[in-house]
Amino acid sequence: MPETNPNLEGVNNDLAEDIKASFNYLRSQGEVAVITDEQEINLMLAEFANSGINLFDGYTQFQNIFKLNNCYLLQIRRQKVYRGIKGEVIVLNEYDLSSIVYKQAPTDYGKLTIEPAEYHIPLIAKFLSHVFSSDDVFIPGHHLFNSKYRVRATDKAVADQLLTDPVLDAIGGDSNVHVLIVHDKILVLHDGVDKNTTSIITQVLNLLRI
């Protein structure tokens with residue numbers, strides 16, 4: 001029998017309530033599957049790797065993978081680490097949790113990132129740093145968005161096509177949305193695993209109309 005409830009292992013009561021609220025929000029949008037099949041998960045990771053997308057290091061694991069229609073919501077748990085005075089790696093019994101909504105598109109959109117001008121999320125910083133860099137794209141007429149975010153794209157025409165006013169307004173209304181497009185892989189990221197986070201990233205993905 002497939003799983004019908006989210007995985008709450010290893011999280012405290014507050015985070016468990018946030019995960020359940022996220023799951024229930026998705027269920028309000030349609031039929032949701034909880035993905036636990038290793039073959040399906042490994043296939044997804046292989047597709048990411050083939051596109052040069054690196055989601056994991058040795059301290060990172062999936063908390064949950066939900067599927068809604070043709071989209072996946074990945075809840076990522078990363079153990080906190082830091083380097084000691086002598087350079088040794090010290091692993092804490094604490095975690096950062098992040099959410100990623102992922103969709104595979106039928107068309108190649110090149111490469112595009114939207115990221116906060118300043119961010120402090122180790123997983124997402126590492127994730128985005130493995131992709132590419134190009135000239136910044138400035139979005140005229142969206143001062144709030146431009147004050148918070150940096151856009152990089154390999155094709156400005158594609159950026160102009162995708163970054164409509166509703167998309168820019170939705171992202172500009174938050175301070176911690178990350179968008180990553182690598183050819184036909186579309187990902188929207190945010191720290192946290194609560195209902196509000198899930199609502200924001202799924203809204204941005206839907207507004208992209210990919």
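Against which elements do the buried residues of α6 pack? In this predicted model, in which local features need pLDDT of at least 70, side-chain atom pairs count only at pLDDT 80 or more, and totals for chains, interfaces and linings use all residues, the buried residues of α6 pack against β5 (111-116), α4 (143-148), β7 (149-153), α5 (156-162), β8 (178-182) and α7. Residues are numbered from 1 along each chain as its sequence is written, and side-chain values use heavy atoms, with hydrogens and water left out.

The chain has 7 helices and 9 strands, taken as DSSP runs numbered from the N terminus (helices H or I, at least four residues; strands E, at least two). Of its 210 residues, 48% count as buried, where buried means under 20% relative accessible area, exposed over 50% and partly exposed in between, with a 1.4 Å probe and protein chains only. Among contacts (heavy atoms within 4.5 Å) between residues at least 6 apart in sequence, 64% join residues at least 24 apart.

In helix α6 (residues 165-172), the buried residues are Val167, Leu168, Ala170, Ile171 and Gly172. Ile171 is also among the residues with the most contacts inside the largest nonpolar core, together with Ile114 and Val179, and this core has 37 residues; a nonpolar core is a set of buried Ala, Val, Leu, Ile, Met, Phe, Trp, Tyr and Cys residues joined through side-chain atoms within 4.5 Å. Helix α7 (residues 195-208) gives the most to this core, with 5 residues. When neighbours within four places in sequence are left aside, Ile171 is in contact with Ile114, Phe145, Tyr149, Val177, Val179 and Val204. A second, separate core comprises 17 residues, including Phe48, Ile53, Phe62 and Ile65.

Helix α7 also meets helix α1 (residues 13-29), and the axes of the two come within 7 Å and cross at roughly 40°, the axes being lines fitted to C-alpha atoms over the stretch in contact, with angles from 0 to 180 degrees between N-to-C directions. The contact is made by Asp18, Ala21, Ser22, Tyr25 and Leu26 of α1 and by Lys195, Thr198, Ser199 and Thr202 of α7.

Two loop residues other than glycine have positive phi values. For Asn69, phi is near 55°; Asn69 lies in the loop between β2 (60-68) and β3 (71-83) and is exposed, with a relative accessible area of 59%. For His183, phi is near 60°; His183 is found in the loop between β8 and β9 (185-191) and is partly exposed, with a relative accessible area of 31%.
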